[in-house]
Structures are given as C-alpha cells and as structure tokens.
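Please brief me on this structure.

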Amino acid sequence: MATAPHTMVSMAKLSQTVTDWVESVRSLTNPDRVYWCDGSKAEFERLRTELVERGELQPLNKDTFPGCYLSRSNPTDVARVEHLTFVCTRDKTDAGPNNNWMDPAEAKGMMRGLFKDCMRGRTLYVIPYCMGPLDSPYSRCGVEITDSAYVVLNMAIMTRIGRGALERIARDGTFVKGLHSTGELDPARRFIVHFPEELTIESFGSGYGGNALLGKKCHALRIASYQARTEGWLAEHMLIVGLQSPQGETHYVAAAFPSACGKTNLAMLIPPDALPGWKVFTIGDDIAWLHPGPDGRLWAINPEAGYFGVAPGTNPKTNKNAYDMIRRDTIFTNVALTANNEPWWEGRKDAEPAIDWLGRPYDPKHGPAAHPNSRFTVAATQNPSYSDAAHDPRGVPISALIFGGRRRELAPLVYEARDWAHGVLVAASIASETTAAATGAVGVVRRDPMAMKPFAGYNYGDYFAHWLEMGKKLKQPPRIFHVNWFRQSASGEFLWPGFGDNLRVLAWILERCSGRNGAQDTAIGHLPHIEDLNLNGADVKPEAIRELTTVHTDAWKNEVTDMRKYLEEFGDRMPAEMFAQLEGVAQRLARG
Ligand code: OXD
Ligand code: MN
C-alpha cells in the first residue's frame, strides 16, 4: 500500500495508548505490514482497487449501478453466530442467562491461541473510528484492528474513521479495543468474544458484518449497553426517525424491532398518497444511543454513519428511498446477479437473476438466488430522506419509544403503556419469529426484550433495572408504545398492509404524544378508538381493523403466565417492579 510513511507516523503519534496496543497485537499476530487508516477517499479507492485485483470484489454494471461492487462471503459465513458469541464478565451472573458466558482468563487464553501468528502474510489495518458525530459529547470511539480490507471499506462507510477519530481518542483518553481476524473462516475456529469490563472485543474466524464490523453490534450495542449502564444512558437496537405532520409539527421517535422486521423500511418510510403533507426524515436505521438531556427529555444520536441493510424485499413499493440510494456507491454482499451484471435479490421485481449468490448459474432448484441475509452497505448521506439532524452533536429529542415484535397472533396493531415503568414491561415482552439475520431455525417464536436479546452486553435483570432507573431521571420521559405490523388472520393473510401505511399508526402515536387523542383503556394499555385512526384510502377491511384493536383476554392471560415464567429465569437479578407491573396486567385482565 502506497501511503506516505510520515502520515502513518504522525497518526500513530497521536495516541500512545493506541500505539502501544497496536504494537502488542502486531507482535502476537505477526503481520507482514501495519497500516493506519486515515479515512481519506483516496485510501478507500486504493483499497477497493486492491480487492478487485485480488478478485475479492467484483465491479457491477458501471452504467446502471456506478460505484457498486459485489462481495461473496464464504458460504459458511453469512450471518451473525449467536452460539459462538460470548460475554466474558468476571462474575458469570453479570452476563446473565441472556448471554453465553466464558471465564475472561480462559477466553483470553483461547483467543491468544487463535490470534497467534494469524496475520502472517497479511496486512494489519488499524481503524480508529468514532461512533456518532465527532463533536458530540454522546459519541464514543474505538479502534478496530483487522486483517480484512473488506472490513476497512465497510467500517469506512458505517462509521467515522481516521484522523478525526484518533484525535478524539487522544482527547478522551479512552477507546474500545476491537481485534478482528478472518482467520481461516473455519466455523470450528470462530468466536466473537466481548470483555465489557475492559471495553474490549475479540473476533476470530468470520468476515460477516455483525461479527466483523466491530463498531456495529459488538461495540455500539454489546459493549455500549454495558458502558451506558455505568454512565447513565441507553444503547439500544432502535431506528430514529423524524415525522413532520401536515401542520408542520416535527416529532422524533425511536423504535426497536428484532432483526429483519423492517427497521430500515420504517426509518425511510414514504408517506402514502392518501396522507398528503407528511414528511419523514431518517436519523438512523438500526442503533440509537439515548441520553437524558439538560432539559429532562431523552435525546438520541445515531452512532452509525451508514446502513448495512438486508437487500431481499427491497423494491420501489417496500422502500423506494433504499432502492434509489443503493443504485450507486454501494457494496453488496451475497446478492445474485442479472445477465447484465446488476445486483439482484428476491423481491427486486424489475429484472431476472442469472447468477446466484454462490456464483453458479441461477437454478430455482438450488433455492433463492440471493442469500436471504444478503446485504448492502451504503453511506447514510445517500438516503433521499436523510436528515442533517443526524450530524447534530446534541442529537434529537425523542417524543415516543416504539417497540414491535413479529407476532402472528395476540398483539394488537398498537397500544400505549400506562407510564414509563409499565412501558419497560411492555418493551420487555416483545417476541418475534426468528429471521435469517442470525443462523439457526427460521420461524420459531422467541422472547426478545427491547429487541436486544442478541445484543444486551449484561444480565437482562440488571438491564431492566437500569431502564426503570432511567425513567426516574427524565422530567419529560417519552411515551412508550407497542406495535405489531405482522398480525395474520386464521388463514394466514396479513391484517395490516404495513410499509407506508404504518404512518397511520405513527400519526396516532404522535397525536397521543401531543395529548390530542383519547384511547380505549384496556388491561394491557391504551388502544386506539377506531375512529381516531386515519384510514382514508387504506386497503384494510373493517373486520380486520376491529380484530387489530381488540384485546383477547384469555390469550393475554396465557401471555402473562408465559412472561412470568420468562422473568423468573433471571432469579433475584430481576427487579421486583417488573413482577409488580405484570401483576397489574394480570389483575386488570381478571377484572375483565
Ligand atoms: C442487523 C441485525 O444486522 O440486527 O442489523 O442483525
Ligand atoms: Mn439490527
């Protein structure tokens, strides 16, 4: 790599603690070269060219998808691996039953063995990065060391990398250490290990996004959630979106959904023609860092600078903004190709696949053409609905927190928690059918409190206690809502059209936040009066909307029993308040 040595030397000088750590990793991993990333455009282009020359990136159709490239993963390395992901706290209970745990000393020994000499013949890249705007007090920095140039390119899109981050690390005096090697991509030698007490991540044997782009799930959720608890804020698996009503009132909401439940689509929602005058602005599509602000409200920043979105299903109907934004300067991973070298995925209706994600001629007998978890990596600024407020160091004030699962049955379209503490129970009760974003069975219902099951870096009991405490710190806490876009009829049809029509639900939520809408007071919370939902021009049957706004007492009684069992799994770490809130629901259900 032709980088002026003086640039590297002066970068390295910026922070002695970083330099010392890089040196210790260098002597362990034995790379041929050490390269400090400066985050420049020239560097990005150089690395991309190298990957193309090595056949690891393939340029796509230059006329229709300029600046776009395809990366194909090892077929055994296409998703996060929760069973190989560990949280290593000194006390096992601190990691909680929601995490896999390993003794930190044992984990370090095992990882040392894997990392020993693993970069021989390779380049060690040092990526200083900042999660969040460089000048925000809410941002936090890290350094990822990796032997993958693909990781450097993705981190350059997804975070703010280079000199600015290193300067901030020198000022802050602290950073998250992330060490990554693709190793041999052998699933038997693959581990994603976190040491939250030491703000350290070690990841070996995978090149896939969530396992390898350490700024994302590993830092911005697992390590940051732990750090947030000690510092008095929240790191959450939430999109952040601004909504401007036809009357010109703007509210920001943050919303948590399990992986692959449409967060990116909701963050970039296009108002349907039947709702004129609404405007939607994207702040973030996956992660929110939420801090109590000086005014007693909750303020959010998006720690990321790009999107690592699921490609399948993206089309002008489901997400026109995303569809337009990924027509240039995008890295595609594990998509299929058309005959004229365009990227293709299931749901891209305006073309046909010719080559599947494994590089074979497409044959439907082999299954989908694109991998179901195929992805695009793209700068957030390419999103037509991108908001400059995403750069604001103060963040944006949050009016509502929204939680949604993927529930075929039970959960109504929308309901509001009675207050913050009840909202914590509502958020803790989200559950979802599993998706392709993680390896394992698809379609099994699992509890996924706050959509953080794979990402909370500590015991869920302590996590709920922290959430309850946060409510007490806020003079004007956001209201808390639960939504369910995925309810089905007995014959398996979706009762709600979803996508742009979800704005109808958001509009009701905002009216609640402004104190203008009444609601039905039910055992589980406040549900809309049907006449308060704007259904003008909506393709929803009256019996569907009745069903979507009905609470089925017997089914909810079963849900309470299930939830009680679930909370009990956390023993005495589970705050009594959670059981008290659940008892409240049980009693209201018993009263009918
Ligand atoms: C993601 C996920 O990649 O949640 O965002 O799996
Ligand atoms: Mn996610």
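Which residue in β22 does G309 stand opposite? G309 stands opposite F376.

This is a predicted model, in which local features need pLDDT of at least 70, side-chain atom pairs count only at pLDDT 80 or more, and totals for chains, interfaces and linings use all residues. Residues are numbered from 1 along each chain as its sequence is written, chains are lettered from A and ligands numbered from 1 in the order written, and side-chain values use heavy atoms, with hydrogens and water left out.

**Sheet**
- Five strands form an open sheet with mixed pairing, in the order β2-β3-β19-β22-β18. Strands are DSSP runs of E with at least two residues, helices are runs of H or I with at least four, and both are numbered from the N terminus. Two strands pair if DSSP finds at least two bridges between them.
- β2 (58-59) and β18 (306-310) are the edge strands; each has a single partner strand, so one side of each lacks a neighbour in the sheet.
- β18 pairs with β22 (residues 375-379) in the antiparallel sense, over five bridges.

**Manganese ion (ligand 2)**
- The protein donors are K217 (NZ), H237 (NE2) and D286 (OD), lying 2.2 Å from the ion. Donors are N, O and S atoms within 2.8 Å of the metal (3.2 Å for Na, K and Ca); water is not among the atoms, so sites may look incomplete.
- The donor spacing in sequence is K-x19-H-x48-D.
- K217 sits in helix α9 (residues 215-231) and H237 in the loop between β12 (234-236) and β13 (238-244), so the pair ties together parts 20 residues apart in sequence.
- K217 is buried, at 6% relative accessible area. H237 is buried too, at 1%. Buried means under 20%, exposed over 50%, partly exposed in between (1.4 Å probe, protein chains only).

**Ligand 1**
- Oxygen atoms of ligand 1 lie 3.0 Å from a side-chain N or O atom of R80, 3.2 Å from one of D286 and 3.0 Å from one of R375.
- The protein covers 92% of the 210 Å² of accessible area that ligand 1 has on its own (Shrake-Rupley method, 1.4 Å probe).

**Loop residue N459**
- N459 lies in the loop between β26 (445-447) and α13 (460-473).
- N459 is buried, with a relative accessible area of 1%.
- A polar atom of the N459 side chain lies 2.8 Å from the backbone oxygen of T93.

Key:
A polar contact is a pair of N or O atoms within 3.5 Å; within protein, one must be able to donate a hydrogen and the other to accept it, and residues adjacent in sequence count only if both atoms are side-chain atoms.
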